[in-house]
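Please examine the structure shown here and consider the questions that come after it.

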Amino acid sequence: MMKTLLLASASPARKATLLAAHIPPRIAVADVDEDGLLTTAKARGPISAAEQVQLLAEAKAKKIAAELDFLDGEPPTVIVGCDSMLEMGGQVVGKPHTPEVALQRLRAMRGNAGDLHTGHCVIDVATGRVAVGTSTATVHIAHLTDAEIEAYVATGEPLVVAGSFTIDGYGGPFIERIEGDHHGVVGISLPLLRELLAELGHAITDFWP
């Protein structure tokens with residue numbers, strides 16, 4: 001019998017990545033207070049970007065695990081939570097949300113490189129065991145012109161994604177190269193997912209139809 005994966009994310013890019021790998025995910029969006037969680041964590045001391053994405057990935061997966069009774073159908077085999085952030089010049093670059101912030105950030109980012117961190121948390125529903133890990137890739141951004149930045153922001157795409165860019169959409173031509181797993185930049189690292197599933201006793205091939 002095929003094992004099933006529930007993705008605790010509304011990200012179309014993460015869903016598409018799994019589907020392309022022939023892993024059809026169920027989707028349940030985790031409602032967590034990301035800002036509140038990070039504020040509490042930072043109050044306890046310095047926390048790196050990699051630690052921040054790991055904290056949020058775990059919070060999302062655990063939130064859905066606690067709400068399984070409210071989901072339709074059979075329980076999934078595993079729940080997967082992810083979160084991504086871009087770190088550039090020692091600063092975390094999150095979702096800009098507004099065109100003004102996106103314009104400012106992209107102008108500062110052009111011609112530079114940053115580290116895209118994606119935290120992963122996999123929970124085995126039957127046993128409650130948890131496996132976690134973070135994928136980090138260095139992203140080199142092209143020397144965008146002002147016209148290119150303005151046109152890109154006008155698409156609306158960079159407003160709601162970590163780092164103000166995507167590699168699998170309008171932003172693809174503006175990424176010169178990546179050092180690391182490009183799946184992690186999209187939002188979910190397939191090689192890391194394979195490792196985390198194996199840690200919990202599952203083969204990734206068990207999730208193929």
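This is a predicted model: local features need pLDDT of at least 70, side-chain atom pairs count only at pLDDT 80 or more; totals for chains, interfaces and linings use all residues.

Residues are numbered from 1 along each chain as its sequence is written, and side-chain values use heavy atoms, with hydrogens and water left out.

Q: Is D83 buried or exposed?
A: The unreviewed UniProt entry places an "active site" at D83; such annotations may be inferred rather than shown by experiment. Buried means under 20% relative accessible area and exposed over 50%, with partly exposed in between (1.4 Å probe, protein chains only). Because its relative accessible area is 6%, D83 is buried.

Q: With the side chain of which residue does the side chain of D83 make a polar contact?
A: Contact means heavy atoms within 4.5 Å, and D83 touches residues including R14, E34 and H117. A polar contact is a pair of N or O atoms within 3.5 Å, where within protein one must be able to donate a hydrogen and the other to accept it, and residues adjacent in sequence count only if both atoms are side-chain atoms. At 2.8 Å, the partner of the D83 side chain is K60.

Q: Is S164 buried or exposed?
A: Most residues other than glycine have a negative phi. S164 is not a glycine, yet has a positive phi of about 70 degrees. With a relative accessible area of 0%, S164 is buried.

Q: Is H97 buried or exposed?
A: H97 also has a positive phi of about 70 degrees and is not a glycine. Because its relative accessibility is 55%, H97 counts as exposed.

Conventions. Lists of a residue's contacts leave out its neighbours within four places in sequence.
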